[in-house]
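Thanks, everyone, for making the time this morning. I would like to walk you through one model, and I will ask you to keep the sequence and the structure in view while I talk.

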Amino acid sequence: MPKYKLIYFDIKGRAEPIRMGFALAGQEFEDVRIKKEQWPELKPKMPHQALPVLEIEGGVVLSQSFAIGRYIANEFGFAGKTNLEKAQADMFCDALNDLTPKLTELFHASDEKKAEVRKELFEKLLPAAFTNMERLFSKNKDGTGFLVGDGITWADIMFYNFADGMEQIEPDVLKNFPKLQGLLERVRNNPKIKEYIKNRK
Amino acid sequence: MPKYKLTYLVFRGRGEVIRLLFAAAGVEFEDVRVTLKDWPAMKETDPERKRFLFNQLPILEFDGHVLAQSHAIARYVANEFGFAGNTNLEKAKVDMIVSAVEDAYSPLVTNVWYEKDKARKEAWFTEFRETLLPKSLTALEKLLTANGGGDGFFVGDSVTFADIMFADRVDLLVFHSSPDVLDGYPKLKALKSRVEALPKIAEWIKKRPYAPDFEFH
């Protein structure tokens, strides 16, 4: 089994689903976390001038968090069982990714603009996205299992990390979405993920 | 072979790469094109989101299934017909390049279509021409060159989703920059010609309906 080295900042951000993916796979990896101050010097040395980066023993370097996440999922068997399931998993992840620009805007917004962006996110964009996801999720075993197929996939991990992050800002962000709430609990209680969450930095 | 029905807007936009993949595979598909004017009414025919799962286009319907999200659909078609890369690692490299092209394309679309403030728009376009686009193209040229010298394709030794994505989306990037911008990136320039010369792709480009993508700026 090749050695893996994940490089990112010392935050959850775009790397946490990947770290969690390794945990789910029971696969060791080197979890390199760089300090923000180190980044300007390191950036030009990185092949794609962005993080996260996954270095695989043998010289391969992968960038783009989704490409890395999907790679780990495919390698360790939690991507979905068929091309269709994989596409369905991708679909949920892409829908979550569509919300990232607004999240980034909230993060960087000035104090005056923060309230406005927050309102747009939590009163309009998130409810619309979660409504679509709850509805779509319900088509799979009435939303009593996982997003895709009949086992946990990286779509569930991505959703968990996203929703968990939103709950830190607004604790009842999922209050109108019982099936998605159930999914969150189900992911939290997966033995390997539970262990990872307990021990993570 | 299931019957595939792709529904997207009249543009090339985010749907064309899916059409190109079907063409490259030699697989027939129903190519439904919706005007911006007709899209709101079409959305209202599906209040329960049985088809327009995320209230957006494109969607792909086949065998009673519906897929949404342009990259998920494109990757599905690529995987089904052998344009996704042959190993997990190749697939990851394909995904990486697709994401890199999307990262260059997406802010351009936002600024062309949605930025109303003239001063901010002008400032962004200057940054695009002077910094953002050169940075993206340099990185892509490097990635291409890293694959056996860069005279083939981005990944492995045959055309993939990554090459088709680049060849299709680069037109808009060039349009908003300068016509000869690719002269500075010879391997990328040659790749684009190589992709467009592949028989099935050349045939599609020749016969595809007119798309008004370059009427907006």
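Predicted model: local features only at pLDDT ≥ 70, side-chain atom pairs only at ≥ 80, totals over all residues.

Chain A puts 28 residues into the contact, and chain B puts in 30 residues. Between the two chains there are 8 residue pairs in polar contact, counting pairs in which both residues are at pLDDT 80 or more, and the interface holds 2 salt bridges. One of these salt bridges joins the side chains of D90(A) and R75(B), at 2.7 Å from N to O.

If we now look at the side of chain A that touches chain B, which elements give two or more residues to it? They are β4 (60–63), α3 (65–76), α4 (83–97) and α6 (111–138) of chain A, and the largest share, 8 residues, comes from α4(A). By class, the residues on that side of chain A are 13 nonpolar, 7 polar and 8 charged.

On the α1(A) side the contact is made by I18(A), G21(A), F22(A) and A25(A), and on the α3(A) side by S65(A), I68(A), G69(A), I72(A) and F76(A). This contact of α1(A) with α3(A) has 6 nonpolar and 3 polar residues, and no charged ones.

In chain B, the pair I would like to show you is helix α6, residues 161–175, and helix α7, residues 186–197, whose axes come within 9 Å and cross at roughly 105 degrees. The two helices α6(B) and α7(B) are therefore roughly perpendicular to each other. From α6(B), the residues D163(B), I164(B), F166(B), A167(B), V170(B) and D171(B) meet L188(B), L191(B), K192(B), V195(B) and E196(B) of α7(B). The residues of this contact of α6(B) with α7(B) comprise 7 nonpolar and 4 charged, with no polar ones.

Now to the backbone, and a reminder before the details: most residues other than glycine have a negative phi, and most peptide bonds are trans. In chain A, L51(A) and P52(A) are joined by a cis peptide bond with omega of about 5 degrees, and P52(A) sits in the loop between α2 (39–42) and β3 (53–56) of that chain. In chain B, the peptide bond from L57(B) to P58(B) is cis, with omega near 5 degrees, and P58(B) is placed in the loop between α2 (39–44) and β3 (59–62) of chain B. The loop between α2 and β3 of chain B also holds N55(B), which is not a glycine and yet has a positive phi of about 65 degrees.

I will finish with R200(A), which lies in the segment after α9 (191–199) of chain A.

Technical notes: Residues numbered from 1 in each chain as written. Chains lettered and ligands numbered in written order. Heavy atoms only, no water. Axes fitted to C-alpha atoms, helices over the stretch in contact; angles between N-to-C directions. Helix = DSSP H or I, 4+ residues; strand = E, 2+ residues; numbered from the N terminus. Parallel < 35°, antiparallel > 145°, perpendicular 65-115°, else oblique. Contact = heavy atoms within 4.5 Å. Nonpolar A, V, L, I, M, F, W, Y, C, P; charged D, E, K, R; others polar. Salt bridge = Lys/Arg side-chain N within 4 Å of Asp/Glu carboxyl O. Polar contact = N/O pair within 3.5 Å; in protein donor to acceptor, adjacent residues only side chain to side chain.
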